Amino acid sequence: MHLNPYGQDAVCLMADLANSPPTSLDDLVKRCLDAGFVMDMPVVEEDLTVTLDLVDRWCEIVDTSDEKRRAELVNRLLAETAAHPRLTDHGGTGWHVHYRDQGLPLGKVLRALGAVGTALHLAGRGMSRLGRCAREGCGLVYVDVSRGGRQRYCSPRCSNRDAVRRHRARRAPGVA
C-alpha cells in the first residue's frame, strides 16, 4: 500500500517550514529530501520566494480559528495551485494520486502539496487540527495528529514546561 503523499507528511513539512523558514534554496531542497519527498521536479531560483510566500499564506490558515474563514483560505490556495487528480508512478514509488500538473518546479509543487495536504488534514481530522503552541512565549505551529484531537502545544517539552509553570504558580506563597 502506498500512503497519500498529500496527507500528514505534507502538512508536517509546512509546519516545519513555518517554524523555521528556509534561508536558501539549498536549505529548502535539503528539508524536502529529509521529509522524504521524491525530488523529480525542476528546482529554480524563484522556488525559495514562492515557498516563503506559501508559508506566509499557510500561516494565515493556521492563525484563524474561524472554521469558515479557514476553509475559505484553504480553498483559495487550492484554486490557485491544485490540478485535476491523476495516477502516477514517478520515481518508482508505487501508484498514487497527484493533484498537480507535471513539470512544475519545486515551489509550485510545494504549494499543491501544502494546499491539498492541509485540506485533507482538516477535512479528515477536524477543522481545529492546526494551531500555535499555547505556552507563553513559544508560538510555534503544530499539526494535531493526536488521537483525541486536543493538542495545544508544539511539543511535549513545551507542554511540560507549561505544566511546571502552572504548578509553581499554584504553590507560590500568598496564593490561595
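Visitor: What kind of model is it, and how are the residues numbered?
Guide: It's a predicted model, where local features need pLDDT of at least 70, side-chain atom pairs count only at pLDDT 80 or more, and totals for chains, interfaces and linings use all residues. Residues are numbered from 1 along each chain as its sequence is written, and side-chain values use heavy atoms, with hydrogens and water left out.

Visitor: OK, how many helices and strands does the protein have?
Guide: Six helices and four strands, where helices (H or I, at least four residues) and strands (E, at least two) are DSSP runs numbered from the N terminus. Along the sequence the pattern reads α-α-α-α-β-β-α-β-β-α. The C-alpha atoms fill a box of roughly 65 × 30 × 30 Å along the principal axes.

Visitor: And what share of the residues is buried?
Guide: 38% of the 176 residues are buried, with buried meaning under 20% relative accessible area, exposed over 50% and partly exposed in between, using a 1.4 Å probe and protein chains only.

Visitor: What about contacts across the sequence?
Guide: Take the contacts (heavy atoms within 4.5 Å) between residues at least 6 apart in sequence: 50% of them join residues at least 24 apart.

Visitor: On to packing. At what angle do α3 and α5 pack?
Guide: Helix α3 (residues 46-63) and helix α5 (residues 106-125) pack at about 20°, and their axes are 8 Å apart. Those axes are lines fitted to C-alpha atoms, for helices over the stretch in contact, and angles run from 0 to 180 degrees between N-to-C directions. The two helices are therefore roughly parallel, given that angles under 35 degrees count as roughly parallel, over 145 as roughly antiparallel, 65 to 115 as roughly perpendicular and the rest as oblique.

Visitor: Which residues in α3 and α5 meet?
Guide: On the α3 side they include Val 50, Thr 51, Leu 54, Trp 58 and Ile 61, and on the α5 side they include Leu 106, Leu 110, Gly 114 and Leu 122. The contact divides into seven nonpolar, four polar and four charged residues. Here Ala, Val, Leu, Ile, Met, Phe, Trp, Tyr, Cys and Pro count as nonpolar, Asp, Glu, Lys and Arg as charged, and the others, Gly among them, as polar.

Visitor: You mentioned Thr 51. Is it buried or exposed?
Guide: Thr 51 is buried, at a relative accessible area of 0%. Not counting residues up to four places away in sequence, Thr 51 touches Leu 17, Leu 28, Gly 107 and Leu 110.

Visitor: How does α4 pack against α5?
Guide: Helix α4 (residues 67-81) packs with α5 at an angle of about 145°, with axes 9 Å apart. Among the residues that meet are Val 74, Leu 77 and Leu 78 in α4, and Ala 115, Val 116 and Ala 119 in α5. By class, the contact of α4 with α5 has eight nonpolar, two polar and two charged residues.

Visitor: And what angle do α1 and α5 make?
Guide: About 115°, with their axes 8 Å apart. That makes α1 roughly perpendicular to α5. The contact of α1 with α5 has six nonpolar, five polar and one charged residues.

Visitor: Switching topic: how many residues are in the largest nonpolar core?
Guide: There are 32, a nonpolar core being a set of buried Ala, Val, Leu, Ile, Met, Phe, Trp, Tyr and Cys residues joined through side-chain atoms within 4.5 Å. Leu 28, Cys 32, Trp 58, Ile 61, Leu 106, Leu 110 and Leu 130 have the most contacts inside it. Helix α1 gives the most to this core, with seven residues.

Visitor: What does Cys 32 touch?
Guide: Leaving aside neighbours within four places in sequence, Cys 32 contacts Leu 13, Phe 37, Met 39, Leu 106 and Leu 110.

Visitor: Last one: where is Gly 7?
Guide: Gly 7 sits in the segment before α1, and at 16% relative accessibility Gly 7 counts as buried.
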